[in-house]
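Reader: I want to learn how to read the contacts in this model. Please take me through them one by one.

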2 protein chains.
Amino acid sequence: MTSRSIRGAAKPRTQRGTKPRGNGLALGQLDRHLGYFLRRLQLWVFQDFIETLKPMKVRPAQYSVLLVVEANPGRSQQAVGDMLGIERARLARMLHELERRKWIGRHANGHDARSHSLRLTAEGDRALSKIKRLAGRHEVKLRKHLGAGRHKQLLDWLRGPP
Amino acid sequence: MTSRSIRGAAKPRTQRGTKPRGNGLALGQLDRHLGYFLRRLQLWVFQDFIETLKPMKVRPAQYSVLLVVEANPGRSQQAVGDMLGIERARLARMLHELERRKWIGRHANGHDARSHSLRLTAEGDRALSKIKRLAGRHEVKLRKHLGAGRHKQLLDWLRGPP
DNA sequence: TATTGTTATACTCTATAACTATA
DNA sequence: TATAGTTATAGAGTATAACAATA
């Protein structure tokens with residue numbers, strides 16, 4: 001069964017169907033806010049990601065940086081931060097940690113002495129292979145959690161153009 | 001934040017002819033992770049919520065507590081926290097703040113002297129009316145951001161089981 | 001013993017400001 | 001003046017542990 005089976009007509013939803021945990025409590029008008037459900041799902045994703053990636057001790061933001069540096073070698077911290085919506089102050093400290101683990105190297109940029117060229121190290125490349133396998137396992141769990149059809153549709157909708 | 005930074009750059013693009021700013025970077029395998037797009041949209045939602053609700057200085061978690069207490073008057077902190085997935089330690093401090101603002105009252109529970117019965121005060125009820133109007137404005141912006149069809153579909157899908 | 005609410009600590013993430021060294 | 005990177009601080013959110021009062 002790929003989709004929900006028992007959801008019937010649109011009824012006034014107090015707590016029907018949506019019963020996270022608090023035995024019998026109503027959501028109230030929270031039921032009308034997409035942001036609430038988005039947040040709950042997003043928390044599930046982060047918790048599962050962190051748990052699944054625990055063997056490599058990698059958090060979601062670090063993973064996103066590793067993938068973007070891999071896909072765009074030699075770019076500056078500013079560029080990577082802009083891409084991912086990470087403040088440059090925050091990224092500086094994150095990179096400090098990734099450099100300490102010898103996964104990422106900061107190199108001089110010939111054209112602008114202010115900026116750093118970011119690259120994965122050989123060790124970082126090997127680590128990222130393992131990390132990707134674990135992240136793939138997480139994605140499988142998420143697909144299972146949502147149902148394959150929903151997972152694909154959500155990915156298309158959130159990724160694609162309006 | 002622009003809509004482009006949320007859903008933009010879905011396809012790996014080379015940075016031909018672009019300035020060395022963030023806009024030409026490839027997502028790499030991030031493109032396959034629903035969690036990434038979920039996170040970006042969720043951040044947009046929180047930022048817009050906080051901005052829109054600024055006149056009342058209410059944050060998303062506080063809003064969710066106010067709505068659940070309104071919909072379930074007299075319930076305990078434990079019940080409300082379980083419902084929303086908020087740690088009881090965190091909720092205790094949040095309620096301290098909401099009590100300080102005279103929006104929520106903690107009353108004795110006749111059956112169990114350990115637990116508190118939570119209720120909106122009259123003042124909290126009036127404040128919540130204003131807050132709901134602002135939150136509605138936020139939801140309209142979100143609907144516009146996503147497109148009405150997508151907003152509705154996402155709400156149905158995320159709200160339902162699991 | 002277990003549960004409710006409380007305080008305290010630690011860590012992550014976000015948002016600033018201020019600083020340096022370059023441009 | 002402006003930009004790239006760094007350091008520092010403050011606040012929210014999360015995850016714990018320990019505690020008092022009560023069950």
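Reader: Which side chains of chain B and chain A meet in a salt bridge?
Author: A salt bridge is a side-chain nitrogen of Lys or Arg within 4 Å of a carboxyl oxygen of Asp or Glu. Here the side chains of B:D31 and A:R159 form one, at 3.3 Å from N to O. The rule finds two salt bridges across the interface of chain B and chain A.

Reader: What should I keep in mind about the source of these values?
Author: The model is predicted: local features need pLDDT of at least 70, side-chain atom pairs count only at pLDDT 80 or more, and totals for chains, interfaces and linings use all residues. Residues are numbered from 1 along each chain as its sequence is written, chains are lettered from A and ligands numbered from 1 in the order in which they are written, and side-chain values use heavy atoms, with hydrogens and water left out.

Reader: How many residue pairs are in polar contact between chain B and chain A?
Author: A polar contact is a pair of N or O atoms within 3.5 Å; within protein, one must be able to donate a hydrogen and the other to accept it, and residues adjacent in sequence count only if both atoms are side-chain atoms. Between chain B and chain A there are 19 such residue pairs, both residues at pLDDT 80 or more.

Reader: Which elements of chain B give two or more residues to the side that touches chain A?
Author: Helices are DSSP runs (H or I, at least four residues), as are strands (E, at least two), numbered from the N terminus. In chain B the elements are α2, α3 (60-71), α4, α6 (122-146) and α7 (148-159). α2(B) gives the most, with eleven residues.

Reader: How is the size of an interface given?
Author: Often as the accessible area lost when the parts come together. Buried area uses a 1.4 Å probe and is summed over both parts. Between chain B and chain A it is about 5,700 Å², and carbon and sulfur atoms give 67% of that. On the chain B side, B:M83, B:W157 and B:R159 lose the most area to chain A, together 14% of what that side buries. By contact (heavy atoms within 4.5 Å), 58 residues of chain B touch 59 residues of chain A.

Reader: How are two copies of a chain related?
Author: By a rotation about an axis and a shift along it. Copies are superposed by least squares on the C-alpha atoms of residues with pLDDT of at least 70 in both. Chain B can be laid on chain A with an RMSD of 0.1 Å, by a turn of 180 degrees and a shift of 0.0 Å along the axis. That is the relation of a two-fold axis. The copies meet through the same surface, because 91% of the interface residues of chain B are also interface residues in chain A.

Reader: Now the DNA. Which residues are closest to DNA strand C?
Author: A residue is near a strand if one of its heavy atoms lies within 4 Å of it. 23 residues surround DNA strand C, and the closest are A:R90, B:R39, B:Q78, B:R106 and B:R114.

Reader: Which side chains have an N or O atom by a base oxygen of DNA strand C?
Author: B:R88, at 2.8 Å, and B:R114, at 2.7 Å. A polar backbone atom of B:Q78 is 2.7 Å from a phosphate oxygen of DNA strand C.

Reader: What lies around DNA strand D?
Author: 24 residues, of which A:Q77, A:Q78, A:R106, A:R114 and B:R90 come nearest. A polar backbone atom of A:Q78 is 2.6 Å from a phosphate oxygen of DNA strand D.

Note on methods. Buried area = accessible area lost by both parts, 1.4 Å probe.
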